[in-house]
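Biologist: Before we talk labels, could you put the model up? I'd like to know what each one rests on.

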Amino acid sequence: MKKIGKQTILFDNPPTILECASIVGPKEAEGPLCKYFDQTLEDEFWGEKSWEKAESKIIKETVNLVISKSGISNQEIDICFAGDLLNQCISSNFGLRDTNVPFFGVFGACSTFVESMSLSAICSESFANYSLCATSSHFCSAEKQFRFPLELGNQRPQSAQWTVTGSGSAIISKTGQGPYITAITPGKIVDMGIKDANNMGAAMAPAFADTLVTHFLDTGRTPNYYDAIISGDLGYVGKDIVIDIMASQGYNIKSNYNDCGILIFDKNKQDTHSGGSGCGCAATVFSGYLYKQLQEKKIKRLLLIATGALMNSTSSHQGESIPGIAHAISIEI
Amino acid sequence: MNPVESKQEYQKYVEEKSPNSPIFKNCFNAFWVGGLICTIGQIILNICKERSFDTATSGTIVSILLIGISAFLTGLNLFNKIGKFAGAGSLIPITGFANSIVSPAMEYKSEGYVMGVGGKMFTVAGPVLVFGISASILVGIIYLIFSTQSITLV
């Protein structure tokens with residue numbers, strides 16, 4: 001493992017993404033990626049009394065699923081990184097309390113999944129044979145915490161995004177046959193003064209561009225090196241902005257760039273406005289769709305950059321701007 | 001042009017780039033749904049008057065019925081759909097006020113009846129109540145001052 005350039009880490013023995021699992025809610029199941037997910041739910045409660053409990057159950061079952069799919073046992077997992085959007089990360093804390101694996105709770109808003117994978121990859125270079133990453137989000141619990149009650153008859157702005165109900169989980173192994181995590185570029189916090197909590201894409205786009213440009217400069221790679229450059233959840237608004245910013249920096253990413261928030265929903269049929277968001281967005285799209293594309297060698301070099309808006313409801317009521325973050329992970333077969 | 005040249009530049013750029021709400025469609029829907037709700041209120045008022053209630057009592061009956069219907073529709077998960085379609089059309093009449101109290105009561109039921117339903121019921125309607133009541137007290141005081149000097153406003 002060595003640092004190259006300003007902030008990129010290259011792995012000497014690239015760890016393998018051994019297995020992935022994903023469980024999503026009913027709205028995601030109606031979306032274009034439905035067939036790629038391991039399990040889809042019929043309702044948002046999944047037999048629980050509250051949305052928070054349901055979210056914990058989703059992440060718990062996703063972790064159980066990935067462990068059983070990978071064929072290793074709980075005891076073999078050396079470390080776990082998990083996080084979610086709810087205050088103090090209760091979904092992952094409560095969901096994984098019976099898993100019996102060493103646990104680090106992490107928070108990077110919607111960038112948490114890639115943050116977890118990056119940390120897992122770093123651990124794989126030292127002590128960890130197997131490490132577990134999991135994140136979740138739930139539309140109803142997120143709306144309750146960040147916005148208004150669900151039954152309130154209000155209108156969502158066009159730039160607003162729809163929090164994905166679901167969880168994605170991955171097991172990173174020290175050895176294996178790939179797909180390999182070859183490099184990571186942890187992002188810097190970038191705040192361009194956007195205050196509108198209904199326009200997260202615009203708040204996070206500069207952080208994404210910053211990380212992407214830094215990754216290219218550090219590694220000497222160009223956009224053409226990758227078959228796909230996928231952002232976490234910038235949505236339609238953020239995607240447009242990012243293409244403009246990258247063009248102004250001399251990079252053309254139009255042909256191979258897309259966004260998880262755009263992939264997961266059908267904008268016209270599902271009325272999700274700017275697209276999906278939440279810790280579960282990048283997690284489920286990667287664990288479900290992108291991982292299978294890598295396995296089937298339809299994508300050979302993937303740059304996944306999950307973005308997060310680092311705010312809470314207090315900061316937005318107090319009129320603070322929204323700092324953004326983006327972490328990049330380069331996955332190759 | 002580099003959109004991330006400065007914060008001001010970027011905010012201006014985002015402003016232009018972000019999609020606007022379909023304002024004419026929204027206004028039209030708000031207009032006819034709001035009008036429809038008021039018409040229903042008027043019909044109830046007329047029926048009450050026919051049944052020889054006085055105007056004040058009839059008004060109260062209208063409020064009670066509209067609040068009741070709106071709270072019921074909120075419980076059936078229908079009012080949010082009307083609200084999404086009509087916006088201010090269903091929000092501004094008394095129906096919106098009922099919805100803004102019932103919806104947090106439902107949402108926070110999972111946190112218990114005291115701290116959940118009781119404590120969070122007015123999270124949305126609270127500001128309306130505080131400033132509405134404050135304004136009415138202020139107007140009342142002004143009215144009192146003027147009326148004691150025997151200048152009647154009404």
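Biologist: What makes you describe strand β3 (residues 16-24) of chain A as mostly covered?

Modeller: In β3(A), nine of the nine residues are buried. A residue gets that word if 20 or more other C-beta atoms lie within 10 Å of its own, is exposed at 12 or fewer, and is partly exposed in between, with C-beta atoms placed from the backbone. The strand itself is a DSSP run of E, at least two residues, while helices are runs of H or I of at least four, all numbered from the N terminus. Bear in mind that this is a predicted model: local features need pLDDT of at least 70 and side-chain atom pairs count only at 80 or more, while totals for chains, interfaces and linings use all residues. Residues are numbered from 1 along each chain as its sequence is written, and chains are lettered from A and ligands numbered from 1 in the order in which they are written.

Biologist: How do you know that β3(A) pairs with β9 (residues 166-173) of chain A?

Modeller: Pairing takes at least two DSSP bridges between two strands. β3(A) and β9(A) have eight, in the antiparallel sense, so they count as a pair. One of the facing positions is A:Val24, opposite A:Gly166.

Biologist: Why are helices α4 (residues 112-125) and α10 (residues 279-295) of chain A called oblique?

Modeller: They pack at about 60 degrees, with axes 7 Å apart. Under 35 degrees would be roughly parallel, over 145 roughly antiparallel, 65 to 115 roughly perpendicular, and the rest is oblique. The axes are lines fitted to C-alpha atoms over the stretch in contact, and angles run from 0 to 180 degrees between N-to-C directions. The α4(A)-α10(A) angle falls in the remaining range, so oblique it is.

Biologist: Which residues make that contact?

Modeller: Contact means C-beta atoms, placed from the backbone, within 7 Å. From α4(A) you get A:Thr112, A:Phe113 and A:Val114, and from α10(A) A:Cys279, A:Ala282, A:Ala283 and A:Phe286. By class, that is six nonpolar, one polar and no charged. Nonpolar covers Ala, Val, Leu, Ile, Met, Phe, Trp, Tyr, Cys and Pro, charged is Asp, Glu, Lys and Arg, and the others, Gly among them, are polar.

Biologist: What about the domains of chain A: where do their bounds fall?

Modeller: Domain 1 is 2-173 and domain 2 is 180-332, from an automatic or database domain assignment. Their C-alpha centres lie 17 Å apart. The contact takes 60 residues from domain 1 of chain A and 58 from domain 2, and α4(A) gives the largest share of the domain 1 side, seven residues.

Biologist: What does the contact between chains A and B involve?

Modeller: It takes 27 residues from chain A and 33 from chain B. On the chain A side, α7 (235-248) gives the most, with six residues.

Biologist: B:Ser52 sits in the loop between α2 and α3 (55-75) of chain B. Is B:Ser52 buried or exposed?

Modeller: Exposed, because B:Ser52 has 8 other C-beta atoms within 10 Å. Its phi is positive, near 60 degrees, in a residue other than glycine.

Notes. Two residues are in contact if their C-beta atoms, placed from the backbone, lie within 7 Å.
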